[in-house]
Amino acid sequence: MNIDDRTPVLVGVATAAQRFDNPTEAKEAVGLMAEALAAAAGDAGNSGLLGRLDQVRVTKGTWGYTDPARWVADAAGAPQARSHLADVGILQTAVMGDTAAAIASGSADVVAVVGGEAKYRGLRAAITGIDAPDTDQGGAEPDDFVTPHGMIISRAEIDTGLVMATHHYAMIENARRFADGQTIEEHRAVVAGLWAGFARIAAANPDAWFREGLDATAIATPENGNRWLAWPYTKWHNSQWNVDQAAALIFCSAGTARALGISTDRWVFPWAAAESNHMVPVTERPELHRSPGFAHAGRALSDHLGMAPNEADHIDLYSCFPIAVRTQAREMDIDLGRDLTVTGGMTWAGGPLNNYVIQAAVKMAQVLRADPGSTGLVTSISGMITKQGASLWSAEPPAHPFANLDVSDAVAAELQPKPYRTGDGEQAEVVSYTVIWGREGPERAVAIGEFADGARTLLVSAAPAVMAAAVAGEFCGRGVVAGADGTFTPVD
């Protein structure tokens, strides 16, 4: 291979998982991360990689570690490695893209990207009453801490109680149904069928957390523990984060890979990455069911590589909820009838917070190694389809140097937020809505309304008749009267 020495290459990949009923038998999250990193070096066939680490980059999870990368680096025997923590809200595409760019520029040579969760361990501790604390790092700080700018959720959304991703994605899903002109029954079948296809792939993935392979009927029907969360989503439409899973990627320069004698059958090349970090809250988006960020990211990749994302042989679309997959497919012109995941997705393979894309990258690397000459698309989302990322990979060397593309400015020029205000006795049209369930039943309907002047507002109703009507028939496009107290009353 005639490959420039500074070409970034992924040489080691691995996952780690556990499932113990007794939490004292389970490793905490940093222990799983360290296990995955050691296994990634073994996958590369050269444990000496760990001693040469320049950086260890960790994506923030639900845990409270202040400098997990330092813990993982020390466990790997790499005290010299610079520790890096990417906060929740930083795209995982960005973490991997920045890593590849640093290697290409020569500012780093061997870098590990690691993440993981042990929420199942924590769940079992809560259920059993057995104490299973995490390591207290005593306020240690990482060498680098990257945090997002701005808020993913608006103050109005927080004040209305829209703080769970399920609520936001359910409203985006309902807006898509209305835009597509589907009936509620047609839409339910489409979404459940899509998710059954993901379940089928997870059933064949030995690393998947849930391998039961549920069919569309079981996914769509709120029975056998599959309760409503936010209409039209049940539990089995939702990313499952109570998992003990970790993953690790080891990147280095092609020159270092050659010098260390790492076999080229281990090499996987990041061809390019594209991301948008322009943030508009769900309530203020002109079209809730669209995502210009993915359209621009897809075009940027195509312009750089001469290959559109939908031409990739293998695809893993970020899959926190069905509408996330459906939105990406629409914006990048990807056929929903093909396989859209290599893992089985975040409901079935497991959705460790802020780490799934690293898990998917491991699986994609394995798939690409086994299918020489093929290409793979891996995407990521932060927030409520708020930020968008996509990357293309292959075991074949790229025809163009690696590019880390930022399309945020182009997206900002197109995606102008709607103004927000409250109303008092004014009529508004429902842009989208959901009904939020508790364990005892429906609790409140939440609607995004648009006034005649184009301003948006958030409205709620706990009236049983309103909630029942909202799940029985289409509420998008209906007129409602906005009360000064933030409630709404249907016009008809």
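This is a predicted model: local features need pLDDT of at least 70, side-chain atom pairs count only at pLDDT 80 or more; totals for chains, interfaces and linings use all residues.
Biologist: What is the volume of the largest pocket?
Modeller: About 1,300 Å³. The lining has 45 residues, and the closest to the centre are Met-164, Ala-165, Asn-238, Ser-239 and Trp-241.

Biologist: Which elements supply at least two residues each of that lining?
Modeller: Helix H5 (119-128), helix H7 (165-180), strand E11 (375-382) and strand E14 (426-438). H7 has the largest share, with four residues.

Biologist: And by class, what is the lining of the largest pocket?
Modeller: It has 26 nonpolar, 15 polar and four charged residues.

Biologist: Let's take H5. Which of its residues are buried?
Modeller: Tyr-120, Arg-121, Arg-124 and Ala-125. They sit on the same side of H5, because they cover an arc of only 145° around the axis.

Biologist: Why would residues a few places apart point the same way?
Modeller: An α-helix has 3.6 residues a turn, so residues three or four places apart do that.

Biologist: What do the buried residues of H5 pack against?
Modeller: Strand E4 (110-118) and strand E8 (244-253). On the other side of H5, Ala-126 and Ile-127 are exposed.

Biologist: What follows H5?
Modeller: Gly-129, with a positive phi near 75°.

Biologist: Back to E14. How does it pair with E17, parallel or antiparallel?
Modeller: Antiparallel, over four bridges, with E17 spanning residues 479-482. Glu-426 stands opposite Ala-482 in E17.

Biologist: Which residue in E18 does Ala-482 stand opposite?
Modeller: Phe-488. E17 and E18 (residues 488-490) run antiparallel, joined by three bridges.

Biologist: How many residues lie between E17 and E18 in the hairpin?
Modeller: Five. In the turn, Gly-486 has a positive phi of about 85°.

Biologist: New topic. How many cavities of 30 Å³ or more are there?
Modeller: Four in the whole structure. The largest cavity holds about 120 Å³ of space.

Biologist: Which helix gives the most to the lining of the largest cavity?
Modeller: Helix H14 (residues 356-370), with five residues. The lining includes Tyr-356, Gln-359, Asp-207 and Lys-363. By class, three residues are nonpolar, seven polar and two charged.

Biologist: And the second largest cavity, what is its volume?
Modeller: About 100 Å³. Helix H8 (residues 184-203) has the largest share of that lining, five residues. Among the lining residues are His-187, Arg-188, Trp-228 and His-237. The classes here are seven nonpolar, two polar and one charged.

Notes. Residues are numbered from 1 along each chain as its sequence is written. Side-chain values use heavy atoms; hydrogens and water are left out. On a 1 Å grid over the protein atoms alone, a cavity is a set of points where a 1.4 Å probe fits but cannot get out, and a pocket is an open set with protein on both sides within 12 Å along at least five of seven lines; lining residues have an atom within 4 Å of a point. Grid points are joined across faces, edges and corners, and a volume is the space filled by probe spheres set on the points. Ala, Val, Leu, Ile, Met, Phe, Trp, Tyr, Cys and Pro count as nonpolar, Asp, Glu, Lys and Arg as charged, and the others, Gly among them, as polar. Buried means under 20% relative accessible area, exposed over 50%, partly exposed in between (1.4 Å probe, protein chains only). The arc is that of the directions from the helix axis to the C-beta atoms. Contact means heavy atoms within 4.5 Å. Two strands pair if DSSP finds at least two bridges between them.
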